[in-house]
Each structure stands twice: as structure tokens, then as C-alpha cells.
Amino acid sequence: MSDPESMSDPESISGTGSISGTGVTGDAGGRDPRIVVIGAGIAGLTTAHVLTDAGFEDLVVLERGSDVGGVWHHNRYPGLTCDVPSQLYQFGFAPNPDWSKIWASGSEIQRYHRDVAERFGLMNRIRLNTEATAADFDDDAGTWTVTLADGEELIADFVICATGVLTNPQIPDIPGLDDFDGPVVHTARWDESLDTAGKRVAVIGTGSTGVQVVSALAPTAAGLVHFARTPQWILWAPMRLPQPRIVAAALRSMPGLHALVYRGLLGASAILPDIVRNDTWRRRAVQAYARLSLRVGVRDPELRAALTPRDQPLCKRQVVSGSYYRTITSSAADLVTDPIREITADGVVTADGRVHPVDVIVLATGFRAHDYMRPMSVTGRDGLTIDEAWRDGPRAYRMTAIPGFPNLFTVLGPNSPTGSISLQHTSERTAHYLASWLRRFARGEVDRIEVTAEATDEFNDDVRAAMGPTVWNTGCNSWYFSESGTIDLWPFDRATLDRMLAEPDPQHFHLTVAADPR
Ligand code: NAP
């Protein structure tokens with residue numbers, strides 16, 4: 001076993017050339033680290049912008065999709081809307097005054113991502129339709145080899161996995177699903193040629209996605225059956241509210257005001273961690289509002305009882321909708337809460353034996369949220385694979401570093417999903433944190449950076465303790481839980497996040513310095 005504290009052979013560290021082909025030394029320091037970023041969604045675009053802005057020029061972003069945007073590129077189902085206000089759901093470095101709605105549609109958000117990538121000169125660093133299938137650490141050279149689907153290999157000093165959380169669709173294991181005669185589509189892989197108008201549509205799943213797609217498809221379908229084995233609490237909000245033009249004009253003409261609004265929203269969201277803590281008045285108020293939304297939205301007591309969740313509001317990722325209750329109480333949609341027994345060639349059979357004939361099945365069944373960079377195979381120091389390291393579920397140090405994987409970092413990695421802190425903010429903080437490490441590498445102060453197991457354990461112990469008194473821990477089952485039963489979320493407030501990612505703490509890392517760094 002190689003000793004991470006030992007000095008590396010300087011000869012072997014130099015690698016075999018530049019990834020981007022530039023090999024240029026940027027403003028960041030004496031040598032230009034070769035950086036491969038995997039993923040061009042929120043995390044990847046942020047990382048690419050922050051690092052190139054910091055002077056790191058030898059950087060390439062690999063994106064398996066045909067466009068940037070990550071979830072906003074892959075999710076194109078009808079009705080897709082972001083339930084976070086647009087003026088908050090944007091990059092701090094790219095404020096957009098011109099959102100058409102308070103809560104923007106998926107297609108508008110996707111256009112924004114494309115625009116940001118172009119405006120900030122990132123497109124020429126991004127290789128679209130390029131899937132990284134493996135990343136292997138070379139113990140001797142101290143470099144990573146990233147293998148692409150076509151067999152090409154890239155040598156890198158640093159690999160940054162910005163591969164997202166809600167990336168890989170969860171296809172349910174329902175008997176007979178493959179025997180269905182009509183189209184079966186997962187919401188995250190929507191077939192844009194699919195026309196559901198005049199068809200009998202089944203929608204399976206009651207999360208944020210299911211609720212949005214039901215409301216969008218029901219008005220034109222010949223009948224929609226919503227298979228909702230586990231009803232969820234839904235907060236009513238006027239999701240179609242336009243952003244007044246005068247607001248856009250004011251924000252456009254006064255960038256200072258826009259920055260103030262952004263910071264204000266970020267500041268206001270600081271109360272969100274309090275909402276998920278036990279016994280706070282804010283939590284009780286939001287929970288009361290969820291119950292009120294159901295009571296006002298569904299007058300029929302029988303239907304209301306069927307739609308009443310068994311767990312507490314906020315226990316799962318909160319669903320927000322201005323139209324679901326209106327749709328499900330109308331004649332355009334039927335609610336079925338019996339679990340699905342099987343799918344036949346022409347319909348869905350529920351546990352009570354009823355047959356529901358349908359023409360199209362829409363799977364709003366969520367994601368394998370704990371895969372992170374997988375199915376890419378990742379092999380770190382001493383042949384340790386990421387599957388072995390994460391046998392008991394994904395674990396990282398402060399969302400970004402993993403013991404056994406030197407010079408590999410994650411942006412929006414384990415514990416980063418959260419409803420309470422902006423993902424863009426988390427990505428920016430993490431990217432700046434990584435820039436600090438890269439500057440040290442550039443100055444020749446360090447070659448190999450590997451977080452210690454002790455620091456990672458300590459962080460995860462703190463996470464577990466902080467999860468105790470949260471609503472997430474009150475007995476519901478959701479994608480928040482990893483395979484091993486840990487809650488894969490960020491339990492602390494934003495100030496803690498900012499502090500933890502302010503500057504690297506060398507005491508938490510094994511740092512190796514070559515005798516004669518190049
Ligand atoms: P989800 O919240 O994980 O919900 C999956 C749904 O599929 C659940 O209702 C689940 O039921 C159901 N399901 C899974 N397997 C099933 C089976 N075999 N039979 C019947 N039902 C089955 O997934 P999601 O709705 O795609 O949302 C995931 C996350 O994406 C959200 O929580 C949110 O973070 C994000 N999202 C955000 C927005 C936004 O506006 N910002 C919009 C969409 C999604 P059980 O609960 O019974 O397992």
C-alpha cells in the first residue's frame with residue numbers, strides 16, 4: 001500500500017500533456033493544473049466559470065448530454081416548472097433580470113443555462129455528447145486517466161465530478177412493464193414526439209414531477225389516471241404568476257438593486273433550515289399551510305381523505321403546485337391510491353384487481369439519487385473503487401472530498417442536496433474552495449491532496465447528529481435516504497456551509513509535495 005504522506009517521484013508527476021491543448025500557464029500561479037470537470041449542469045458550469053475566472057486555463061468539461069444544463073436539459077416533460085423563485089434560482093455571477101415568471105418554466109431555465117455558458121465563454125471548453133466512462137488514479141504518476149466512451153483517454157491532475165444528484169432515472173420494477181403495448185416514458189427522458197392529446201394516460205408517482213405532469217397532461221388527455229400510492233403534501237402557490245415588466249426593467253437598469261434582491265432572497269432563504277427543525281413556529285406555520293392547501297383545494301371529504309398523506313408535511317421534499325388539486329378534483333383526472341399489481345399489454349392492474357385501460361404510461365418515479373458520478377467507474381489510490389468506498393452509501397468530507405481518491409473532488413456531491421440552500425450558491429462556494437487548493441498546486445506547495453478518513457468521519461458524525469431533530473427524520477420514505485438509511489442532505493445553515501468551504505483546512509488532508517515540483 002502506498003503511503004499518502006510519502007514524497008512522490010517528481011519525474012512521474014508531470015503527466016503526458018495538456019487536456020485542452022493550451023498548456024498555458026494562467027494567472028493562477030506557476031504551473032497550470034490539468035483539470036477535467038465532468039458534467040455541464042449547474043455544478044459544472046459554475047465550476048468552469050469560477051476556475052477559469054481564477055486563471056486556470058487547462059480545463060475541459062465533459063458532458064454526456066447534447067447540451068449544457070444538466071437536469072434542465074434532460075427534463076423536458078410538459079408542465080416542468082421550477083418551484084424555487086427564478087430570482088433566486090440563478091447563478092450569483094449571472095443575474096438575469098428578465099425572467100418571464102416568478103417561477104420560471106423548465107425551457108426558460110434551460111435557455112438561461114445555455115446563454116450563461118455562451119456569455120461566459122464556456123462553450124469552447126465543453127465537449128458535448130462526451131461521456132466519461134472511467135476515471136483511474138495512477139499511484140506512481142499522481143495523475144488521473146479519464147476514459148471516454150469512444151476509448152479516448154485524458155490525463156489530468158484533477159478530476160472534478162459535477163455529475164449531479166437527480167441524474168439517473170429510477171425505472172420501477174413493476175411486473176409486466178415491458179409488455180405494455182403503448183409508449184412508456186420516464187419524465188426525465190421525455191419523448192418530444194409523444195402526443196398525449198386524446199389518449200388515455202397513466203401517470204405513476206406523486207413527487208414534484210408527478211404533480212406537475214398530471215396538471216399539464218390532464219386537460220388534453222382523453223382521461224388521466226394518477227397512480228398515487230403515497231399521496232404527498234402540496235403547498236399551494238400561484239406558479240404561473242408573471243414577473244411584472246416593471247420589475248425586470250428596474251432590475252435591468254439598476255444592477256445594484258438586482259444584487260440587493262438576490263442577496264435579500266438568499267438571506268430570506270436562511271430561515272429555511274429552521275423550518276425543518278423540530279418544534280419551531282416556522283415549521284408549524286408551513287405545516288399548517290400545507291393542511292390548509294389540501295382543505296381548501298379538495299372539498300370532497302372522501303377524495304380529501306384519499307389525498308391526505310400519512311406522514312408530516314415537509315418530511316419529504318415539499319411539493320408546490322397551484323394546479324394539482326384543481327386538476328385532480330376535475331373530471332379530467334382520476335386518483336388511484338391502490339398500489340399497482342402489474343401492467344398488461346393495454347393497461348394497469350391495481351392490487352384490488354381493477355383494470356385501468358390506458359394508451360400511454362408516464363413514469364414520474366424519480367431518480368437514483370445516490371449514484372452521483374456513477375455509472376462511471378472510479379478507481380482511486382491502491383485500486384479502491386468508488387463502489388467499495390461507498391458500500392454503505394455515499395460519504396464525503398464537506399460534500400467535496402473522498403478518502404482514497406486524491407485530487408478528485410465533487411461539486412454538489414454527497415450531502416449537498418437540500419431544499420434550504422440554493423444549489424447555485426453551494427456550487428459557487430465549493431468551486432471557490434477548490435480554486436484555493438488549485439492555487440496551492442499551481443504554486444508548487446502541494447501535488448497530492450487527499451482528505452483523511454478521520455476528518456470525513458468527523459464531518460459525517462456531525463451531519464448525523466444534526467439530522468436528529470429534523471422533520472426529515474420523522475418516519476417517511478423518500479429519495480433523501482441513502483441505501484444505508486442515512487439522510488443524504490445538508491442539515492446545517494448557510495453560514496456553516498460558507499464557513500466550512502471558506503478555506504481548505506490542511507489538517508484534514510494528507511498532503512504530498514514533490515521534491516522538485518514542475
Ligand atoms: P420522487 O419525489 O422521488 O417521487 C417518485 C414517486 O414515484 C413517488 O411518489 C413514488 O412513490 C413513486 N413510485 C416509485 N416507484 C413506484 C412504483 N413502483 N409504483 C408506484 N409509484 C412509484 O421523484 P420526482 O417527483 O421526480 O422528484 C424528485 C425531485 O426532483 C424532487 O423531490 C425535487 O427535488 C426535484 N424536482 C424539482 C422540481 C422543481 O420544481 N424544482 C420539479 C420536479 C422535480 P412512493 O413515495 O410510494 O415510493
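Ala, Val, Leu, Ile, Met, Phe, Trp, Tyr, Cys and Pro count as nonpolar, Asp, Glu, Lys and Arg as charged, and the others, Gly among them, as polar. The model is predicted: local features need pLDDT of at least 70, side-chain atom pairs count only at pLDDT 80 or more, and totals for chains, interfaces and linings use all residues. Residues are numbered from 1 along each chain as its sequence is written, and side-chain values use heavy atoms, with hydrogens and water left out.

**View 1. The shell around the ligand.** The shell holds nine nonpolar, 10 polar and four charged residues. Among its 23 residues, T206, T209, R229, T230 and W479 come nearest. A residue is near a molecule if one of its heavy atoms lies within 4 Å of it. Which helix gives the most to this shell? Helix α5 (residues 208-217) does, with three residues. Helices are DSSP runs (H or I, at least four residues), numbered from the N terminus.

View 2. A polar contact here is a pair of N or O atoms within 3.5 Å. A polar backbone atom of D83 is 2.9 Å from a ligand oxygen. For a polar side-chain atom of K316, the distance to a ligand oxygen is 3.2 Å. An N or O atom in the side chain of R317 lies 3.3 Å from an oxygen of the ligand. The ligand taken alone exposes 920 Å², and the protein buries 84% of that. These areas come from the Shrake-Rupley method with a 1.4 Å probe.

**View 3. V247 in helix α6.** Helix α6 (residues 245-253) contains V247. Why does V247 count as partly exposed? Because its relative accessibility is 33%; buried means under 20%, exposed over 50%, and partly exposed in between (1.4 Å probe, protein chains only). V247 and R282 are 35 residues apart along the chain, and 29 Å separates their C-alpha atoms.

Terms used
A polar contact is a pair of N or O atoms within 3.5 Å; within protein, one must be able to donate a hydrogen and the other to accept it, and residues adjacent in sequence count only if both atoms are side-chain atoms. Helices (H or I, at least four residues) and strands (E, at least two) are DSSP runs, numbered from the N terminus.
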